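Let's take a walk through a protein model together, one step at a time. Have the sequence and the 3D view open as you read.

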Amino acid sequence: MSKAMVCSCEDVTVDDVKHAVSRGFCDVESVKRYTGFGTGICQGKSCLAAVASLLEREKALKPAAVVPFTPRPPLYPTELRLLASAPVDMSVPPVGGVPQEVDAFPSSLRPEGPVPEKAKVVIIGGGIMGLALAYNLACEGETDVVVLERGYLCAGASGRNGGGVRMQWGTPALVELAKRSIDLMKSFARDLGINVWLRQGGYIFLAKTKPVADRLDRNAALHNKFGVPTRIISADEAREIVPGLTMKDCLTASYNPEDGVIFPWPFLWGYAQGCKKKGVRVETYTDVTGFETSNGQVRKVKTTRGDIACDTVVLAAGAWSPEIARLVDVQLPNEPHRHEILSTEPLKPFLGPLVSVLDTGLYFSQSMRGEIVGGMGDPLEPVGLNMGSTLRFVTRFAQALMEQLPQVGHVKVLRQWAGCYDVTPDNNPVLGRTPGLDNLLQMSGFVGHGFMMAPAVAERMAKWMATGESDELFTRFSLRRFSEGTLEREDMIIG
Amino acid sequence: MDLDGESIPAIEGEPVACSLVAADEPVLARSIKYHRPRSPYCFAAACSHCLMRVDGMPNVYTCRTPARDGMRLERQNAYPSAKVDVFETIDWFFPKGLDHHEMFAGVPVAEQVMAKVARQLAGLGLLPKEEGPVTPPARTLRTRVAVVGGGAAGLGAARVLADRGVPFLLFERDDHLGGRLAHGVPEQDGPQIQEAATFPKGSILTRATVLGLYDDEAGRYLAVGALEPEGPRLLKVYSERFLLAPGGHPPMVPFENNDLPGVYAGRAASLLLRRYDVAPEMAALVGWGPELHALAKLMQERGVRVTAVVDLKGPLPKDAHPLAVSGSEPKAHGLRRVSAFSYTQAGGGKKKVSCDAVLVSVPVSPSFELARQGGAKVTFDAGLGLFVVEADADGRTQATDVFAAGDLTGGGTAREAEAAGRRAAEALVGGLS
């Protein structure tokens, strides 16, 4: 059948690119994500220029706005075993990272025309939190909402995570939220008309030390209480679920077959499209530059495209939240921490669950497309908004992965990238009102698991905002708790 | 070599994909989504058309894998075989394409079935059965100037550095130096390839692929995958300056059936002809730029019957092939491989010619990845339709330790690339303490 290919790795045609443009995805990064071009084995070498030319010719972009998507190492597919051979100095923290992209959005990508002069609700952050909240507010009848996003949809952690969704948490609040989120993910395609490829292959947590093993034991009991079928499994059982798993140095494992993985990007597109259909404005490439306050209220949000007078402001900017809160003299306890991740060549299905060694922060799963997607925290990672990639990470990850799954030594890495965890002192989110600024609501601090919590959290928050009915979630996780010292620490954080 | 159980002749050391083309076995795999037949396109590891399972390893670039006696080749992503693949029906069922975002979204049952089917159909290749042997530990090297690319620009730079006595290391991913001088279209007055032996011993590394320009606590370095006699080894190469001259990738040019077996990048065609004496019998050429017309000449001289030369941008140069015309709307024809080529003539009217290969010759797409990782600015040149690295006449980029030369900054002849390499080397030597 006659087709004109732009990306022959992923079978993306000229028509697919035009379709993406018709859906409002015009910049190169968004078209890459929506069509999948440049995500295959060649990583854009043969197709990027063709797509850029097409976007320019179709007038989807101004010439100055035609910028390449971020080229991520390695330049050519590279075997994990080779990357595992680099020296790593664990006496020093990781330094640097390439390419630097935190301030990389050129102003030429900014939409023309001002933002609306006023809105009932302004949501800062077009990640899954902000978009899910906006969509749920619209469902509650509040459509006078503007969502502000500094980059393209998926530019932040919502577009950079590994897509794991699980109910295996250490506190009742998160177990319940995660359960509800996974239910909402199951009906997402029906509600919002876009596939999110939820695959419930389970999560296996491995424990290498006694304290972590005890934690898994204790949490399994908690999960069962909430109807989550987590069970402690033997090494042999784990190897039955994941053939080839060595379980090296592992004392025990916990397994919940109902956890799984999803494809993160369509959630953002689905919520954003749902918002737009209901009249909510989603403004990309628009930065917040300041606030106007009086009498303990935020009156206006200032942006690079004009000011918006508003009744309520929600700060849902993930790792950028502390930076934005400082613009209005609010100190958040959150700190950004880089987390690196990589993706390999796509292989036929061989790995059912997501596997994580809780002690070291290693995790890996196989995506719907067949890639091994995985990451590993660095215990020495310094605080800071850094989204650069390091060889140190790939080496540590490759070594840790090959220890548990030696056959992957020949598997080739296609690309590595990084995102930022939004870390709070007790690993729990910051939700609800801001002391001293009554109409500034917080929705941040999700420590790397905001993606999977968002559907449920947004549902509760929209209801709380729209009806004014009290909800203990917004007192339990309020900013006040850090000064009052009522902290309940979540202990099932990967990395 | 063994190709799915059939014996295939090959010349030891030539690229596997070249052997297969020469043996008239162009279909090496099926594509990931529509199961369209795939055959080699770029011969530069810049597309994915030639990936095969080789000796049990998935997704191997056969365009860069030397043929060896007894090698086992398997075509991927096809059932029951790449020649007759039942999933090819996907391509026919969805002539307008398959929107995986919205197909069956929210349709009960269908949605779940689709997810199961998609999971089985997705992915390319199988997990290797064997554990990879442990690679030798990475080696850390330090030099004053790291040169990436052993083409005209890189060699020009290396000559200056050698003459000035500045320690340097040059990395070339091919097993030979020269880049387009060795396998592109010969240019009039093009520079000679400078042999490795004419440089200080140990300063030229071939079969060494630069994987990234990273930084860490000890400074900025290149990660290099070097193929040493005992196997692959990772090198960390710290350097004071990085002179980037990696050339470019042969891009896809979007036209109908541009992925049909028998469609090749122009640089692939010249490489096959010049290095391995493999050429089509009848070729139609399409594209733009000086290389298109020079390639037509080369093909003609070497006995290939050129049936069309279609310049999509024009105007035609004075010494163009007698058949050369301005045209648009190119299209490759054929069921499983190219049998004809058509286009719309400048004055209107379609024209169709027979051929067994369509050669797509356009300026290469600069390999700007390392430069961007190093902090250089990359901009879109709308005239060329390419992303280029911003650099001044001496190759200086926005990053003080990164210099760019050759195709990276927007093309030109090999002679110009060599001169740019020399200028960049001169400029950076001046800045070294």
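Before we look at any particular pair, here's a term you'll need: a salt bridge is a side-chain nitrogen of Lys or Arg within 4 Å of a carboxyl oxygen of Asp or Glu. Keep in mind, too, that what you're looking at is a predicted model.

Now try the term out on Lys3(A) and Asp91(B). These two form a salt bridge, and their closest N and O atoms are 2.5 Å apart. The pair crosses between chains: Lys3(A) sits in the segment before β1 (5-7) of chain A, while Asp91(B) belongs to helix α2 (residues 89-93) of chain B. Are these two residues buried or exposed? Both Lys3(A) and Asp91(B) are buried.

Asp11(A) and Arg38(B) meet through their side chains in a salt bridge, at 2.7 Å from N to O. This pair crosses between chains as well, with Asp11(A) in the loop between β1 and β2 (12-13) of chain A and Arg38(B) in strand β4 (residues 37-38) of chain B. Asp11(A) has a relative accessible area of 0%, so it counts as buried. Arg38(B) comes out at 3%, so that residue is buried too.

Next, a salt bridge inside chain B. The side chains of Arg220(B) and Asp401(B) meet at 2.7 Å, N to O. Arg220(B) has 21% relative accessibility, so it counts as partly exposed. Asp401(B), with a relative accessible area of 13%, is buried.

Some salt bridges share partners, and in this way Lys3(A), Asp11(A), Arg36(B), Arg38(B), Asp91(B) and Asp259(B) are joined into one network. Over all chains, the count comes to 59 salt bridges.

Let's zoom out to the place where the chains meet. How many residues of chain B are in contact with chain A? It's 96 residues of chain B, and they touch 83 residues of chain A. Together the two chains bury about 7,700 Å² between them, with 60% of that area on carbon and sulfur atoms. Of the area that chain B buries against chain A, 11% is supplied by His101(B), Arg119(B) and Leu127(B), more than any other three residues.

Charges and polar groups turn up here as well. The interface of chain B and chain A holds three salt bridges, one of them between the side chains of Arg23(A) and Glu102(B), at 2.2 Å from N to O. Between the chains there are also 39 residue pairs in polar contact. If you sort the residues on the side of chain B that touches chain A, you get 49 nonpolar, 25 polar and 22 charged.

Finally, take in chain A as a whole. Chain A contains 15 helices and 21 strands, and its C-alpha trace spans about 60 × 60 × 45 Å along its principal axes. Why call its radius of gyration a match for a compact globule? Because a compact globule of 495 residues would have a radius of gyration near 23 Å, and the 22 Å of chain A agrees with that. Buried residues make up 67% of the 495 residues in chain A. And among its contacts between residues at least 6 apart in sequence, 76% join residues at least 24 apart.

Conventions: Residues numbered from 1 in each chain as written. Chains lettered and ligands numbered in written order. Predicted model: local features only at pLDDT ≥ 70, side-chain atom pairs only at ≥ 80, totals over all residues. Heavy atoms only, no water. Contact = heavy atoms within 4.5 Å. Buried area = accessible area lost by both parts, 1.4 Å probe. Polar contact = N/O pair within 3.5 Å; in protein donor to acceptor, adjacent residues only side chain to side chain. Nonpolar A, V, L, I, M, F, W, Y, C, P; charged D, E, K, R; others polar. Helix = DSSP H or I, 4+ residues; strand = E, 2+ residues; numbered from the N terminus. Rg over C-alpha atoms; globule rule 2.2 N^0.38 Å. Buried < 20%, exposed > 50% of the residue type's maximum accessible area, 1.4 Å probe, protein only.
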